[in-house]
Amino acid sequence: MKRRPVLVVNFGSQYVQLIARRIRELGVYSEIVHWDTLLEEIRGKEPYGLIFSGGPASVYSEDAPLPDPNIYDLGVPILGICYGLQVIAYQLGGKVEKSDHQEYGRARLRVIKRDTIFEGIPDEFDVWMSHADKVSDLPEGFETLAISDNSPHAVIASSDRRFYGFQFHPEVVHTAYGKELLANFVYGVCGAHRNWEMGDFIEEKVKEIRETVGDAHVIAALSGGVDSTVASVLVHRAIGDRLHCFFIDHGLLRLGEREEVEKNLRALGLPLKVVDASDLFLERLKGVEDPEEKRKIIGNTFIKVFEREARNVEGAEFLLQGTLYPDVVESAGIKGSAKIKTHHNVGGLPEKMHLKLLEPFRELFKDEVREIGKLLGIPTDILGRHPFPGPGLAIRILGEVNREDLEVLRKADSIFIEELKRNGFYDRIWQAFAVLLPIRSVGVMGDVRTYEKVIALRAVESTDGMTADWYRFPYDFLDHVMRRIINEVRGVGRVVYDVSSKPPSTIEWE
Ligand code: XMP
């Protein structure tokens, strides 16, 4: 079904996806388009309205991204945010200049002229600013609706043409009434109708998958994680047992993980084959220390094993992948290249086996996949699982991977996770795990000097894995986990807690 979207025009803002998510949360479909998308294409989407995102450029710089000026003649409402506002002001004949005072962070907004955009919102509230340039002269037909200490034109509008500009960011949580402002634009100004509900999405996708796949068969490699599980349940609902799921145990899983995943997936009724290829993976990893080399070996071996299994599926024409919208947007990038990130585990396989990709979640954000999972009846403990990297524990054992170290790491990791769940931390954390370091350290146990392995614990808060901060546990909790690990895991003599954020560090240690 074709849905009329609110289009977010991307000028390179770090918040571009957040804007689209906020619009969808309001119940209206939203898509992101690159700033130089042809007007023909934009018109073809019949957008309710356009939102020009922020961006790092200055409208006066030589390579400033500026849209085709005919965009203002489409008759479609436009909301410019930060750089987006400056683009509108500049292209329609106003003036933008460097501010004497840059404005970053919280600012007080004062409404000086009431308008539809402020419906249900008080005259003064806090907003989040982040800009160096500001509008100094308005274009013809525009007026100022609100000001802040450093922005004499913090909200501008040409209400008869339905053009609005905010110098601040309504999409971030620090802006009070941000959601209401966006709702006023989307519903009040654009006159949009509600057209985005996950229940409808499921019905439509099921129909679409049936049409796309026809009588063919679909194969899927499952990890037990959220995206591949929800995608498989959806496709299973559409085509039943013409879906063939494979769970490949590469020997680099966590304690009890294979059994748990198998139980979960079977309980969901998925046609599943579990393949134990751990000997092959561990054999190939013998003596390999370099993390990139490990990744390469694991990736290649995975493809080989999966291919061998999938060859036996008669009539297989599609490979199911849980690609999400951020992957699509990120890989398209601001430069407009259209390369889509292929799944690390099965990259190269579609070409090799002449398979077409089936990616039912290409338009969705992670929270939306979770919501679909909930509607499809998938238990919350599956939907709330922490992310786990494809190469598994191989990138959490620094240095060579062997069975003995895997066992040590598995035990330490499972104690940590068990305690996180028992103490109510698990669901507040994006990801937590143990890492085995490639060093030994001296200790004393009883009266004996020891020389044993070191475990590092990592726990981070994040919303998308792109940035992350270490989780502040109470000291007593860390103390308790340390004691359990050293007492219960033979061979570990020291436990450390990682207090690095991302950036500059990454989440995984590799
Ligand atoms: P980094 O370590 O780059 O990780 O900060 C960001 C997020 O990505 C996960 N990760 C992976 N996920 N296959 C995956 O499916 C991989 O090869 C992989 N490597 C890292 C990591 O666990 C974190 O959530």
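How far from an oxygen atom of the ligand does a polar side-chain atom of R295 lie? The distance is 2.7 Å, in a predicted model where local features need pLDDT of at least 70, side-chain atom pairs count only at pLDDT 80 or more, and totals for chains, interfaces and linings use all residues. Residues are numbered from 1 along each chain as its sequence is written, and side-chain values use heavy atoms, with hydrogens and water left out.

**View 1. Residues around the ligand.** Of the 13 residues around the ligand (a heavy atom within 4 Å), those that come nearest are R295, Q431, K502, I507 and E508. A polar side-chain atom of K502 lies 2.7 Å from a ligand oxygen atom, while I507 places a backbone N or O atom 2.7 Å from an oxygen atom of the ligand. Taken alone the ligand exposes 490 Å², of which the protein buries 75% (Shrake-Rupley method, 1.4 Å probe).

**View 2. The interface of domain 2 and domain 3.** The domain assignment, automatic or from a database, gives domain 2 as 198-383 and domain 3 as 402-497. Eight residues from domain 2 and six residues from domain 3 take part in the contact (heavy atoms within 4.5 Å). The buried area, meaning accessible area (1.4 Å probe) lost by two parts on being put together and summed over both, is about 660 Å², with 57% given by carbon and sulfur atoms.

**View 3. The salt bridge between D279 and R403.** The side chains of D279 and R403 meet in a salt bridge at 2.8 Å, N to O (a side-chain nitrogen of Lys or Arg within 4 Å of a carboxyl oxygen of Asp or Glu). Across the interface of domain 2 and domain 3, one salt bridge is found.

Notes: A polar contact is a pair of N or O atoms within 3.5 Å; within protein, one must be able to donate a hydrogen and the other to accept it, and residues adjacent in sequence count only if both atoms are side-chain atoms.
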